[in-house]
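Take your time at every stop before moving on.

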Amino acid sequence: MRIFQDSNGIINLTMIILVIVLGTVILFYVMSELPYMQYISFRWYQGAGFAVIALMAQMFFKLNDIREQSKISEMAFRNLQTAVRIKSNVLLRVIIFYFLSLIANVILISIADSGQIDSWIANLFRIISIAYIPAWILSVINSYHVYLDISEYKSELALQELQETGRKSAVDRLKAKKET
């Protein structure tokens, strides 16, 4: 999974597209001549696609909620803002890509189910749609890991703040003890 990630720990959109294209090619050579390919029902496809988009959108909104950290230093706050901005921008691009490609895939499936085109083209449209499933799984797992990384960073910042507050209170107690 790390080979698909860039320096920010985010799966690149180009890698997702590469997984889809390679999956399509492999599936086309393996499954295009199978007789049951034309009988696969895609009623579940649109709902599954929107579920993936909804899960990733939820991670996007949770990432942006992390920005509301107030009890940290100014430098740590800027670092947190930068990390969240970079990761949420990439996640937003992936969400938009999946939304637009879901619309295109639903249209392709409708064309394939109409029966007005050659069977190999209809099978290709179905295989393209099926090839999105591994990319969806990778993207949902990646967005969850991105959210966990940012959450861990936020908890480390909160722990540092607590430790600093504890040190200050210990120093204050020592000063008060010394004065008496």
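**Stop one: the whole chain.** Begin with everything displayed as a cartoon, and keep in mind throughout that this is a predicted model. The protein chain holds four helices and zero strands, and if you trace the chain along its sequence you will read the pattern α-α-α-α. If you then turn to contacts between residues at least 6 apart in sequence, 81% of them join residues at least 24 apart.

**Stop two: helices α3 and α4.** Select residues 74–114, which form helix α3, together with residues 119–179, which form helix α4. How do these two helices run relative to each other, parallel or antiparallel? Their axes come within 10 Å and cross at roughly 165 degrees, and because an angle over 145 degrees counts as roughly antiparallel, α3 is described as roughly antiparallel to α4. The crossing of α3 and α4 is left-handed, and the residues where α3 meets α4 divide into 23 nonpolar, six polar and four charged.

**Stop three: Arg-126 and Asp-113.** Now show the side chains of Arg-126 and Asp-113, which meet in a salt bridge with a distance of 3.2 Å from N to O. Arg-126 belongs to helix α4 and Asp-113 to helix α3, so that the pair, 13 residues apart, links distant parts of the chain. As a general point, side chains of opposite charge can pair when their charged atoms come close. Is Arg-126 buried or exposed? Arg-126 counts as buried because its relative accessibility is 4%, whereas Asp-113, at 47% relative accessibility, counts as partly exposed. The count of salt bridges in this model comes to one.

**Stop four: Ser-143.** Finally, move along helix α4 and select Ser-143, which is found in that helix. With a relative accessibility of 2%, Ser-143 counts as buried. Which residues does Ser-143 touch, if those up to four places away in sequence are not counted? Display Met-56, Met-59 and Leu-91, for these are the residues that Ser-143 touches under that condition. To finish, draw a distance line between the C-alpha atoms of Ser-143 and Met-56, which are separated by 6.5 Å although the two residues lie 87 residues apart along the chain.

Methods:
Residues numbered from 1 in each chain as written. Predicted model: local features only at pLDDT ≥ 70, side-chain atom pairs only at ≥ 80, totals over all residues. Heavy atoms only, no water. Axes fitted to C-alpha atoms, helices over the stretch in contact; angles between N-to-C directions. Parallel < 35°, antiparallel > 145°, perpendicular 65-115°, else oblique. Left-handed = near helix turned anticlockwise from the far one by under 90°. Nonpolar A, V, L, I, M, F, W, Y, C, P; charged D, E, K, R; others polar. Salt bridge = Lys/Arg side-chain N within 4 Å of Asp/Glu carboxyl O. Buried < 20%, exposed > 50% of the residue type's maximum accessible area, 1.4 Å probe, protein only. Contact = heavy atoms within 4.5 Å.
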